[in-house]
Amino acid sequence: MSRPGFLLSAWPWRSAAYLLTGAVTGAVTLVGIVTVATVCGALAVVLVGLPLLVLLALSGIPVAEVERRRLRLIRSDPVSGRHRVPAAPGLRAWLTIRLREQATWRELGYALLFAGLLWPVDALAVTVALLLPLSMVSTPLLMATVGDGQEAKVLKQWTVTTWPTAFGVAVLGLLLMVLCAYVLGVTAGARAELARLLIASREGELDAEVVELARSRVRLVEAFEAERRRIERDLHDGAQQRLVALTMALGLARLDAPPGPLADQLTKAHEEAGRALTELRELIHGIHPKVLTDYGLQAAVADAADRCVVPVDVDLELPGRPTRAVESAAYFVVCEALANVARHSGADRARIRGGHGDGRLFLEVRDDGRGGADASAGSGLIGLADRVSVLDGRLALTSPPGGPTLLRVEFPCELTRAADHSA
């Protein structure tokens, strides 16, 4: 409203439309609530009155939905409701969750306030801000048509008998119309803000933002895993194959070279190429092991246990495969846990146990070491916990001094068949 172009924009007319539709909607709401309440009172003594009472309690839901749509006339940002989705299909589940929600009773309160107080305010504002200045502006036209050029009445209260007075009243009506445009804007803005506070609280907006943030974090994890797999594939199919070819070429050259300084240099180059190939394979395995992609979490955990310097017993049975993001996160949790066992625990033996039940994948890594593990001491567990939390999982560490140490991680997920996973 502080902008210079407010009067020439559509906002004054949108404000008038918001208040005018509010008056009409409020009158209809009043008639509907009074009708339902009357029928409920007349039939409250019999069983049929109970469904009508439920209908009265739910009457605020359609009123609030209409109000949220009408708010688009004033607010550029959409206003959403706070109703939860029923856990089960059917009318019974819908009625149960609606009658238990706080939002339902807030909307009923707004509907009663709307029907009893707010719509008369809307009607009064539209009447004063529109009819009064329009009646004054049309005074010369009324004098020429209705009064035969002799007289005209403004709002049927004041009589105008001369043309100069009629045009003066019209000019005053134009000035008053400019003032009333701002009155309409202020009234409609305050009215819309009150409706937003009652039917779409800040908590609902924050819930929507939190849901969107969680979804964006999941999308980020999925994009990260896709990029990780791409890098692993490029290294495996590109750089590794070139190093293999280079190692073979150096080996053949070493066999063909006569004894001497050249053969010694070729031997060193061949050994360096072999070490580089070994390091590259370890790097590829650390980025995203091929066994995880091809054979799944169970085979990848068994492979990680075989490569650990501490003997590890594996007890992991999965009837299917989780999603790629969960599978990758679970694998790297196991790898980090085994690395901590090998570096810090002093354990003689470790055990990995896991499975799937009640819609959750769980993994446990236990060792018989000295214990006393601290997630804040740079063991990498904080990063793992953050990675697990992105997927709505939980990570718990139990490591009293003297041991044993138990790391447990859970992910909510469903398992699919291997064929579906590869597809």
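This report walks through a predicted model of one protein chain, from its overall make-up down to a few single residues.

## The big picture

Let's start with the parts list. The chain contains 14 helices and 7 strands. Of its 423 residues, 36% are buried.

## Two helices side by side

Now look at helix H5, residues 102-137, and helix H7, residues 163-199. To describe a pair of packed helices, you give the angle between their axes and the distance between those axes. For H5 and H7, the angle is about 170° and the axes are 7 Å apart. Angles over 145 degrees count as roughly antiparallel, so H5 is roughly antiparallel to H7. Sorted by class, the residues in the contact of H5 with H7 are 26 nonpolar, 2 polar and 4 charged.

In H5 you'll find Ala111, which is buried because its relative accessibility is 0%, and buried means under 20%. Apart from residues within four places in sequence, Ala111 is in contact with Thr29, Ile33, Gly60 and Val63. Gly26 is 85 residues away from Ala111 in sequence, yet their C-alpha atoms are 8.4 Å apart in space. Over in H7 sits Ala170, which counts as buried at 11% relative accessibility. Ala170 touches Met136, Val137 and Pro140, again leaving out residues up to four places away in sequence. From Ala170 to Pro133 is 37 residues along the sequence and 8.4 Å from C-alpha to C-alpha.

## The nonpolar cores

In soluble globular proteins, nonpolar side chains tend to be buried together. What does the largest nonpolar core look like here? It has 37 residues, and those with the most contacts inside it are Leu297, Leu338, Ile352, Leu361 and Phe411. Several elements give two or more residues to this core, including helices H10, H11, H12 and H13 and strands E3, E4, E5 and E7. Helix H12 supplies the largest share, with 11 residues.

Setting aside neighbours within four places in sequence, Phe411 is in contact with Val326, Ala329, Ala330, Gly359, Arg360, Leu361, Val388, Leu391 and Gly393. There's also a second, separate core of 22 residues, and Ile33, Phe114, Cys180 and Ala192 are among them.

Is Glu410 buried or exposed? This residue of strand E7 is buried, with a relative accessible area of 12%. Its side chain has polar partners: a polar contact of 2.8 Å reaches the side chain of Arg394, and another, of 2.9 Å, reaches the side chain of Arg408. Beyond residues up to four places away in sequence, Glu410 touches Arg360, Leu361, Phe362, Val388, Gly393 and Arg394.

Val388 also turns up in helix H13, where the buried residues are Leu381, Leu384, Arg387, Val388 and Val390. Just after H13 comes Asp392, with a positive phi of about 65°.

## Ser399, in a loop

Next stop: the loop between strands E6 and E7, which is where Ser399 sits. Ser399 is buried, at 13% relative accessible area. What does its side chain pair up with? The side chain of Thr405 is joined to the Ser399 side chain by a polar contact of 2.8 Å. A polar atom of the Ser399 side chain also lies 2.9 Å from the backbone nitrogen of Gly372. If you skip residues up to four places away in sequence, Ser399 touches Gly371, Gly372, Ala373, Pro404 and Thr405.

## Ala152, in a strand

Last up is Ala152, in strand E1, which covers residues 152-154. Ala152 is buried, with a relative accessible area of 5%. Not counting residues up to four places away in sequence, Ala152 touches Thr139, Leu142, Met143, Trp158, Thr159 and Val160. Leu141 is 11 residues from Ala152 along the chain, and the C-alpha atoms of the two are separated by 8.9 Å.

Definitions and conventions: Residues numbered from 1 in each chain as written. Predicted model: local features only at pLDDT ≥ 70, side-chain atom pairs only at ≥ 80, totals over all residues. Heavy atoms only, no water. Axes fitted to C-alpha atoms, helices over the stretch in contact; angles between N-to-C directions. Helix = DSSP H or I, 4+ residues; strand = E, 2+ residues; numbered from the N terminus. Parallel < 35°, antiparallel > 145°, perpendicular 65-115°, else oblique. Nonpolar A, V, L, I, M, F, W, Y, C, P; charged D, E, K, R; others polar. Core = buried A, V, L, I, M, F, W, Y, C linked by side-chain atoms within 4.5 Å. Buried < 20%, exposed > 50% of the residue type's maximum accessible area, 1.4 Å probe, protein only. Contact = heavy atoms within 4.5 Å. Polar contact = N/O pair within 3.5 Å; in protein donor to acceptor, adjacent residues only side chain to side chain.
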